[in-house]
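Hi everyone, thanks for coming along. I'd like to walk you through one model today, so let me put it up on the screen.

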Amino acid sequence: MTQKVAVLGTGKIGEALLSGMIRAGWAPADLLVTARRRERAEELRTRHGVTPVTNPEAAKTADTLILTVKPQDMGTLLDELAPHVPADRLVISGAAGITTSFIEERLTAGTPVVRVMTNTPALVDEAMSVISAGRHATADHLTHAEEIFGAVGKTLRVPESQQDACTALSGSGPAYFFYLVEAMTDAGILLGLPRDKAHDLIVQSAIGAATMLRDSGEHPVKLRENVTSPAGTTINAIRELENHGVRAALIAALEAARDRSRELASGNTN
């Protein structure tokens, strides 16, 4: 890899991306980082061999800028970058709800922008990253974004109009599974199991179920039916989930996440 890539506002996801890129073949010398605290920047240098710089230095030096700041900090960052970003820089945004047009309007006319929604499994190279092109981004720009985010998991191209839905499903998705595991662990304790044993049972069941979903090609309904024997334990559990409106609650929860993503896009960060 010969292009210089800068990760701006390098938190946990940004650092996961850096380490994944290095494993995928990027030279640490070609990777630049910025961080709010000097101590954090030096920590990244020590751990990964990357070069800490300021945001303006990154804009002047790197071929690709990856913006990983929180949505509420994006406007301030773009104000700082705007005088220094030439129109040939590729800008990749990883901030939930921030549209490519929001970024394009604040940078030099014609700047290519790509929007990416990834998720925390990037920390273990199992991310789902959803990629959309802005007005000036080409197929080559999208391919470059896929090369970067492919280092930490799978990628999927979608129209930007679908980004808010993807944020609700996969961006926030891991939290729903953690919530479910937490609830099932509590249930295991209620049923008389020690916490560590309940945790191990549920985690391995989740890994096995996810692997079957990925590798079998079967519809989830079919896989569920394979576990659900007549008058058995599973159908009794499913009946209670339906009685308590779990399916409807999940749909409502994802709609709420999508709506919040739209609010962020409109500038409502409160």
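UniProt, in an unreviewed entry, lists residues 160-264 as "domain: Pyrroline-5-carboxylate reductase dimerisation". Over residues 160-264 the chain is 83% helix and 0% strand, with the end C-alpha atoms 15 Å apart. The record also has "domain: Pyrroline-5-carboxylate reductase catalytic N-terminal", again from an unreviewed entry, covering residues 4-97. Over residues 4-97 we get 41% helix and 18% strand, and the end C-alpha atoms are 26 Å apart. UniProt positions are in the numbering used here, the feature names are shortened, and annotations may be inferred rather than shown by experiment. Helices (H or I, at least four residues) and strands (E, at least two) are DSSP runs, numbered from the N terminus.

A word on the ground rules. This is a predicted model, where local features need pLDDT of at least 70 and side-chain atom pairs count only at pLDDT 80 or more, while totals for chains, interfaces and linings use all residues. Residues are numbered from 1 along each chain as its sequence is written, and side-chain values use heavy atoms, with hydrogens and water left out.

Now, the sheet. In what order do the strands of the open sheet run? There are eight of them, S3-S2-S1-S4-S5-S6-S7-S8, with mixed pairing. The edge strands are S3 (51-52) and S8 (153-157), each of which pairs on one side only. For pairing, DSSP has to find at least two bridges between two strands. Strands of a sheet pair through backbone hydrogen bonds, either parallel or antiparallel. S2 and S3 are a parallel pair with two bridges, and Val 33 stands opposite Pro 52 in S3.

Helix H1 packs on this sheet, touching S1, S2 and S4, and its direction makes about 170 degrees with that of S2. Helix H7 (residues 163-171) packs on the sheet too, touching S6 (113-117) and S7 (127-133), at about 175 degrees to the direction of S7. Those angles run from 0 to 180 degrees between N-to-C directions, with axes as lines fitted to C-alpha atoms, for helices over the stretch in contact. Contact, by the way, means heavy atoms within 4.5 Å.

Let's stay with H1, residues 12-24. Its 13 residues reach 18 Å from first C-alpha to last, close to the 18 Å expected at 1.5 Å a residue; that expected span is 1.5 Å times one less than the number of residues. Its buried residues include Gly 14, Leu 17, Leu 18 and Met 21. Buried is under 20% relative accessible area, exposed is over 50%, and partly exposed is in between (1.4 Å probe, protein chains only). Besides strands S1, S2 and S4, the buried residues of H1 pack against helices H2 (38-48) and H6 (139-149).

Next, S6. How many of the five residues of S6 are buried? Five of the five, so S6 is largely enclosed by the rest of the structure. Val 113, Arg 115 and Met 117 are buried on one side, and Val 114 and Val 116 on the other. S5 and S6 run parallel, joined by three bridges, and Ser 93 sits opposite Arg 115. S6 and S7 are antiparallel, with four bridges, and Val 114 faces Ala 133 in S7.

Over to helix H4 (residues 74-81), where Met 74, Gly 75, Leu 77, Leu 78 and Leu 81 are buried. Down the axis of H4 these fall within an arc of 160 degrees, so they line one face of the helix; the arc is that of the directions from the helix axis to the C-beta atoms. Thr 76 and Asp 79 are exposed on the face turned away. One of the elements that the buried side of H4 packs against is H5.

In H5 (residues 100-104) we find Ile 103, buried at 0% relative accessible area. Beyond four places in sequence, Ile 103 contacts Leu 78, Val 91, Ser 93, Ile 98 and Val 113.

Last, two loop residues. Most residues other than glycine have a negative phi. Asp 125, though, has a positive phi of about 60 degrees; Asp 125 lies in the loop between S6 and S7 and is partly exposed at 28%. Ala 231 has a phi near 55 degrees, sits in the loop between H10 (220-227) and H11 (233-243), and is exposed at 79% relative accessibility.
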